[in-house]
Amino acid sequence: MRIKKNNGFLYVGFYPVLSRNMKNLIPIECPASRYQPHGQMSNEFKQVTCSYLKSSCDGIGEETCGQGNQVEDRTCRCDYTKGYRPMMYLLSNPRNSSCFHPTSDGAECLKFPCPKDKELSPGKLQVFQILQITNKQKS
């Protein structure tokens with residue numbers, strides 16, 4: 001797919017690169033580390049790659065939930081196995097979601113104290129008892 005140098009529209013997930021003969025703009029898919037959520041005219045690009053850098057999900061207690069794609073940022077979640085909960089879901093989580101967009105309000109992980117022998121659930125703010133099964137050997 002080639003686009004003329006003047007007034008070329010690039011669709012979401014692509015950025016323009018000038019061809020070797022410098023006569024055409026070639027749409028190139030965003031690299032895995034970046035995304036382009038909206039289309040725009042080729043002469044509006046301010047960089048030689050897609051406009052947005054994907055979030056790293058490397059805050060305290062955070063881990064990657066979804067890698068995203070050429071159009072969307074990655075999503076993060078809090079590591080509930082280590083007692084972290086998303087601040088945005090502490091009071092209400094109507095969709096029972098554990099993943100969040102890192103640019104949303106309240107997108108940070110907080111340590112949630114959990115009693116011994118209990119663990120948090122991934123989506124709901126619930127504490128479950130850890131069942132310990134032991135083998136008793138007869139002597």
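In the predicted model, Glu62 stands opposite Cys78 of strand β9. The two strands concerned, β8 and β9, run antiparallel and are joined by four bridges. They belong to an open sheet of three strands, ordered β8-β9-β11, with antiparallel pairing. Strands β8 and β11 (99-100) form the edges. Each has a single partner strand, so one side of each lacks a neighbour in the sheet. Strands of a sheet pair through backbone hydrogen bonds, in parallel or antiparallel fashion.

Arg77 and Glu63 meet in a salt bridge, with an N to O distance of 2.9 Å. Arg77 lies in β9 (residues 75-78) and Glu63 in β8 (residues 62-66), so the pair ties together parts that are 14 residues apart in sequence. Arg77 is partly exposed, at 29% relative accessibility. Glu63 is also partly exposed, with a value of 27%.

The structure holds two salt bridges. Lys82 is exposed, with a relative accessible area of 54%. Asp79 counts as buried, at 11%. Side chains of opposite charge can pair when their charged atoms come close.

The surface also carries a nonpolar patch. Phe9, Tyr11, Val12 and Val71 make up this patch, which covers about 350 Å². Tyr11 sits in the loop between β2 (9-10) and β3 (14-18). Its relative accessible area is 53%, and Tyr11 is therefore classed as exposed.

The mean pLDDT is 79, and 78% of the residues reach 70 or more. Strand β5 (residues 34-35) has the highest confidence, at 96. Strand β14 (residues 127-129) has the lowest, with a mean of 44. Over residues 1-5 the pLDDT is below 50. This stretch, residues 1-5, has 18 contacts in the model beyond near neighbours in sequence. A further stretch, residues 127-139, stays under 50 in pLDDT. For residues 127-139 the model has 16 contacts beyond four places in sequence.

Notes
Residues are numbered from 1 along each chain as its sequence is written. This is a predicted model: local features need pLDDT of at least 70, side-chain atom pairs count only at pLDDT 80 or more; totals for chains, interfaces and linings use all residues. Side-chain values use heavy atoms; hydrogens and water are left out. A salt bridge is a side-chain nitrogen of Lys or Arg within 4 Å of a carboxyl oxygen of Asp or Glu. Buried means under 20% relative accessible area, exposed over 50%, partly exposed in between (1.4 Å probe, protein chains only). Two strands pair if DSSP finds at least two bridges between them. Patches are made of residues with over 30% relative accessible area and no salt bridge: like charges are joined within 9 Å, nonpolar side chains (Val, Leu, Ile, Met, Phe, Trp, Tyr) within 5 Å. Accessible areas come from the Shrake-Rupley method with a 1.4 Å probe; for residues, only the protein chains shown count as cover. pLDDT is the predictor's confidence in each residue, from 0 to 100. Contact means heavy atoms within 4.5 Å.
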